[in-house]
Amino acid sequence: MPPANLPRYLRDLYALMRRHGFHGVPYGHFGEGCVHLRVDFDLSDEPGVAAYRRFVEHAADLVASYGGTVSGEHGDGRARSELLPRMYSGELLKAFAAFKDVFDPGRLLNPGVLVDPAPLDADLRPGPGRDALPVTPVHALTRDGGSFAAAVHRCVGVGACRSLDAGTMCPSFKVTRDEVHSTRGRARVLAEMLRGRTVDGGWRSPEVLEALDLCLSCKACAHECPVNVDMATYKAEFLHRHYAGRRRPMAHYSMGWLPLWSRMVSGAPARLVNAALARDRVAGVVKRVAGVEPRRQMVRFAQESLQRWFRRRGPRPGDGRTVVLWPDTFTNFHTPEVGRDAVEVLEALGYRVLVPPGRVCCGLTWHSTGQLTVARRVLRHTLDVLEPALAGGLPIVGLEPSCTVMLRAEAPELLPDDDRARKLADGMRTLAEIVAEHDGDWPFAALDARAVAQVHCHQEAKGSYDADRAVLARLGVDPDVVGAGCCGLAGNFGFEPGHWEVSQGCAERELYPKVRAASGDDLVLADGFSCRTQIAQGTHREGLHLAQVLARALRYRRRT
């Protein structure tokens, strides 16, 4: 409508919603007089649909009274064609029909739109009785009232996930350019599965599995999508039911159960296992049996875990402040040097560092492969081990971004009935946050270096890189942050057969070129174990965790 009319129209629109008992949020391009409106319609039964029709009819009359159009910027379509007589004269509508008769006399092209329109309340989704597949989700889905259908129907088709340049979602779509690999495409397939019409088979549907297969669970959509569609969570819920009571892909048992295998291999067997996996023939057999992409290099196992090193070493006294360092699977059993550096850094800042003595895990690998029953069981055991620290209000410092986000964001959703999960989420801190808040003596030397920085996709979606930037600035490190989002490995995703091309395509968009172009003196920063693995296997450069950079600056300072 004319922008000058917008203030009066919005006041009347709110009054109209109050009269009809609805709530809504207007947004759009107000400078151009274009308004979108999200309204809490209940389309699950016939009275709700009738209330929807009454409101829309009155809203159309209101728009027309201010010299506006119901068509907005997206045309008329099935939702608005029936309303055109409230805007146009009968004579003009006959002209529309005559024009269509010339080009489409058989009414074959897009029938039911503009000319001979279908009712605006016909074929609504979900509509009364349309969700033929009721489900009680494992996740609490707090934002959607515990409804998987409501969560899926968050998607309103805006298509921001189809951007090929800006933003970090959806990485698989940016590689394949196929609509079904966009967040919108996957949401529509899930919606059709719930309706049980065009997609049958329910949770066993091969079409839905195929649509979700290339989702990296990077969580970019949960942050960048205008309505925060969380496809990673929906994928975990689907896989949980799709494979219930039947055999899973081998990668779900190998990569999904990586915390267990890593613990078993840790210690004396690690040297033998690493030596065996260094032999191409042995590695090839192992990858075939484990269901791992043959072009992937196998990860290495540490001979001494972080927990075992810490038990042998023991804690050091601090200045009265105590933190608990979270021994995630990747740091504990694969790169304990990162954890050792983190202990050194935290102690240099005056903290007394503790490491949980028992078996703890966030359940990430089970969650990402849809083994949600196991993930919940693992989380409950972890809460039992951490109970003294939670009762004492001790900060829990996470080093692996995906595990930190799992404990901050997913644990309360998986265990909504356990207050300890919320306490753990509230107490989780990143190393960068702890260091950035330090206001005492600064024990680190200036490194005066440039760096390529790959921010973990989960941290980008569910956290912030601000603390990291502040710490790097104080260290004299100038980071060139990769803006393309997920590195492409994404935990188990990049190790599963059939994902190689998309995994490498994601990295080739920006990460690989920037790392290859960096000079030998430039740092390559990546806190995520997956990110460092992708960098090492794709560019032969070594990615550094912030803990390692801080430890390097600490040692420089001590030497000088």
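A salt bridge here is a side-chain nitrogen of Lys or Arg within 4 Å of a carboxyl oxygen of Asp or Glu. This is a predicted model, where local features need pLDDT of at least 70, side-chain atom pairs count only at pLDDT 80 or more, and totals for chains, interfaces and linings use all residues. Residues are numbered from 1 along each chain as its sequence is written, and side-chain values use heavy atoms, with hydrogens and water left out.

**Exercise 1.** Work out how many salt bridges the structure holds, and look at the one between Asp 121 and Arg 53.

*Solution.*
- Start with the total: 35 salt bridges.
- Now zoom in on Asp 121 and Arg 53, whose side chains meet at 3.0 Å, N to O.
- Asp 121 sits in the loop between α4 and α5 (148-152), while Arg 53 is in helix α2 (residues 46-65), so the pair ties together parts that are 68 residues apart in sequence. (Helices are DSSP runs of H or I with at least four residues, strands are runs of E with at least two, and both are numbered from the N terminus.)
- Check the cover: Arg 53 is buried, at 18% relative accessible area, and Asp 121 is partly exposed, at 25%. (Buried means under 20%, exposed over 50%, partly exposed in between, using a 1.4 Å probe and protein chains only.)

**Exercise 2.** Find where Arg 450 and Asp 522 lie, and say whether each is buried or exposed.

*Solution.*
- The two form a salt bridge, with their closest N and O atoms 3.5 Å apart.
- Arg 450 belongs to strand β7 (residues 449-454) and Asp 522 to the loop between α26 and β9, so this pair links distant parts of the chain, 72 residues apart.
- Arg 450 counts as exposed at 52%, whereas Asp 522 is buried at 12%.**Exercise 3.** Describe the largest nonpolar core and name the element that gives its largest share.

*Solution.*
- A nonpolar core is a set of buried Ala, Val, Leu, Ile, Met, Phe, Trp, Tyr and Cys residues joined through side-chain atoms within 4.5 Å.
- The largest one has 45 residues, and those touching the most other members include Trp 326, Cys 362 and Leu 379.
- Among the elements giving two or more residues are α20 (401-414), α21 (419-427) and α27 (529-539).
- The largest share, six residues, comes from α19.
- As background, nonpolar side chains tend to be buried together in soluble globular proteins.

**Exercise 4.** Say which helix holds Phe 99, and whether Phe 99 is buried or exposed.

*Solution.*
- Phe 99 is placed in helix α4 (residues 90-103).
- With a relative accessible area of 55%, Phe 99 is exposed.
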